[in-house]
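Q: I would like to learn how to read the features of a model such as this one. Could we go through them in turn?

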Amino acid sequence: MKKHKGKIIAGILILFVLTVTYFWGGNYVKVDKPHNKDSQINADISGEPSLIDKDESKEQSDDVESLNTDDDLDGLNEDGENTESGAQTDLDKLGEKPKKSESSEVVEEGSESYSKEKGMIIDTKTGKDKYLTDPVPEGKPIPVEPQDTVVKDASYTCTLSVRCDTILDNMDYLDEAKWELVPEDGVIFPATKVTFYEGESVFNLLQREMKKNKIHMEFRNTPMYNSAYICGINNLYEFDVGELSGWMYKVNDWFPNYGVSRYKLEEGDVVEFVYTCDLGRDVGGHSSLGGE
Amino acid sequence: MRDTFSDYHPIVNFVYFTQVLVFSMFFMHPVCLGISLISAFTYSIYLNGKKALKFNFKYMLPMLIITALINPAFNHEGATILTYLRDGNPLTLESITYGIAAAIMFVTIISWFSCYNTVMTSDKFVYLFGRIIPGLSLILSMTLRFVPRFKVQLKIVSNAQKCIGRDVSNGSIIQRAKHGMRILSIMVTWALENAIEIADSMRSRGYGLPGRTAFSIYRFDKRDKYALIFLLFFGGYILIGYITKGLYWKYFPTMRGVRFEPYSMSLYISYLALCLAPVAINIKEDWKWKAIESKI
């Protein structure tokens, strides 16, 4: 018995660690009720300053003050716009967007026949294309490989915005060191009409605009999916707000099921980058990640 | 230049090195890194003289520069964008400074370990832990002694091979490689055999059995007591300071933290006092020795 004492203790210890890990469950944002986007936004605005107030030891007193003086979303938005040098932001549009995104929550089935007809080469065995992409839903553009496209001089315009308002709900999951990065209204880059050139992808557009506006953006190339992966914008990275967080993009209120480098832009497209804290469920893009 | 700190009780040596190593690994505040680096270099030069100086400049400095350069190539976090790299990701000030900080920490730890190896000889380590964890302490002391012993043995084998014209410096390139392989195989055999021999000889001496006593020349006297109290007091104070964010510093997304507030200043000074304690003891002892000498 004495000989096996160490083994027994080690076994008990392993069992204990496993039990604790099982009940802890992981560091993801726990959502108690299904998302109602509008009520959430209202909750942000009222709840958010108190969150900042809790943090008394911070030196960002100026940030806190500006937060406390402005008390509603509209006021903040207008402020943001005035500073943005004549940016053609459509305020109403911005305010209404969350409502619209609810419609895209209806799970859109990928249509194989439609995708094939459009020219997507789908492997009959896996039901996916060369870069592991499922067929796109009917009426949506198919992925275009960046190596096959030629960028021409003809210029067009589209709308680009970068938002992270879902973080405002979950500030306690975010590291205190990063609180200063989250704008009080969650808008990192307001909806702006921007120019792009024929044949460019969403990634080209984002990279150029972020560079131009001196907003930090990091990406990684993933050859497996033949696309860039956006790790972080404005120093807000994937996994910063729990294990299910990261950046997603939608074009014309649809979350494409393929990477940013493979979405070819068209005139008048509305491109939005949104931060999700719950694998897309909180922004309405869960279906693009293969969720039910 | 005798190291008086080595003559202190092993527990004092061990507590000192544990504190210094742990603090160096966790404190990323620039001032703390600087204090630790300077202290480690000073003490290693005091202990090993010219050899340490040469080692520090020949290996540590290039390693520091390379490690500092690697970080911004892979880490693009940080709010201050300096320029953009070729692949399109930003090069940020924070990633560069963090790279430098990490490189300094890396070099400092290596330097502290070189001091540790000189001061904490294996008999001291086995004296401290032989009773509590006999198996593990023997393994640890063997592992920590492995590289220096291997180096010495390598020289012996290499010289012996040279006598019969089979060293790595003899013959054409292919022959040299062959000789090198032979020496390596000899060394590996030696190392394995040696480890088994040590284990066997320790067992035959009854190492780790209950009731076995061990002779030791260490005595815990008054100066050890004072030194231990000094180390524990300052170590505790610095630890409390660290927990209460008196040494707080963040690199990402923007560099911020405590600077030269009185509380932090007291922590820096305590940290410096802690790190330089052996050097101070040595200098005092050297001075004492000289004073006695001149009287005669």
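Q: In what order do the elements of chain B run from the N terminus on?
A: Keep in mind that this is a predicted model. Reading from the N terminus, chain B goes α-α-α-β-β-α-α-α-α-α-β-β-α-α. That comes to 10 helices and 4 strands. Chain A has 8 helices and 7 strands.

Q: What box do the C-alpha atoms of chain B fill, and how many of its residues count as buried?
A: Along the principal axes, the box is roughly 60 × 60 × 50 Å. Of the 296 residues of chain B, 26% count as buried. For chain A, with 292 residues, the buried share is 34%.

Q: What share of the contacts joins residues at least 24 apart in chain A?
A: Taking contacts between residues at least 6 apart in sequence, 72% in chain A join residues at least 24 apart. In chain B, 69% of the contacts with a separation of 6 or more are between residues 24 or more positions apart.

Q: Which residues touch the most other members of the largest nonpolar core?
A: In soluble globular proteins, nonpolar side chains tend to be buried together. Here the largest nonpolar core has 45 residues, and B:Cys32, B:Ile104, B:Tyr271 and B:Leu274 touch the most other members. Several elements of chain B give two or more residues to this core, including helix H2 (30–48), helix H4 (93–119) and helix H9 (262–275). Apart from this core lies another, of 44 residues, with A:Leu168, A:Leu174, A:Leu236 and A:Val271 among them.

Q: Beyond its neighbours within four places in sequence, what is B:Cys32 in contact with?
A: Its contacts are B:Phe27, B:Leu247 and B:Tyr271.

Q: How many residues does each chain bring to the contact between chain A and chain B?
A: Chain B brings 11 residues and chain A brings 10. On the chain B side, 6 are nonpolar, 3 polar and 2 charged.

Q: In what order do the strands of the open sheet in chain A lie, and why is one side of S3 and S5 left without a neighbour?
A: Strands of a sheet pair through backbone hydrogen bonds, either parallel or antiparallel. In chain A, 3 strands form an open sheet in the order S3-S4-S5, with antiparallel pairing. Strand S3 (217–222) and strand S5 (236–237) stand at the edges with a single partner strand each, so one side of each has no neighbour in the sheet. S3(A) is joined to strand S4 (residues 227–233) by 6 bridges; A:Tyr229 in S4(A) is the bridge partner of A:Arg220.

Q: Which UniProt annotation covers residues 199–276 of chain A?
A: The unreviewed UniProt entry gives "domain: Transcobalamin-like C-terminal" for those residues. The span is 14% helix and 36% strand, and its end C-alpha atoms lie 28 Å apart.

Note on methods: Residues are numbered from 1 along each chain as its sequence is written. Chains are lettered from A and ligands numbered from 1 in the order in which they are written. This is a predicted model: local features need pLDDT of at least 70, side-chain atom pairs count only at pLDDT 80 or more; totals for chains, interfaces and linings use all residues. A residue is buried if 20 or more other C-beta atoms lie within 10 Å of its own, exposed if 12 or fewer, and partly exposed in between; C-beta atoms are placed from the backbone. Two residues are in contact if their C-beta atoms, placed from the backbone, lie within 7 Å. Ala, Val, Leu, Ile, Met, Phe, Trp, Tyr, Cys and Pro count as nonpolar, Asp, Glu, Lys and Arg as charged, and the others, Gly among them, as polar. A nonpolar core is a set of buried Ala, Val, Leu, Ile, Met, Phe, Trp, Tyr and Cys residues joined through C-beta atoms within 7 Å. UniProt positions are given in the numbering used here, feature names are shortened, and annotations may be inferred rather than shown by experiment. Two strands pair if DSSP finds at least two bridges between them.
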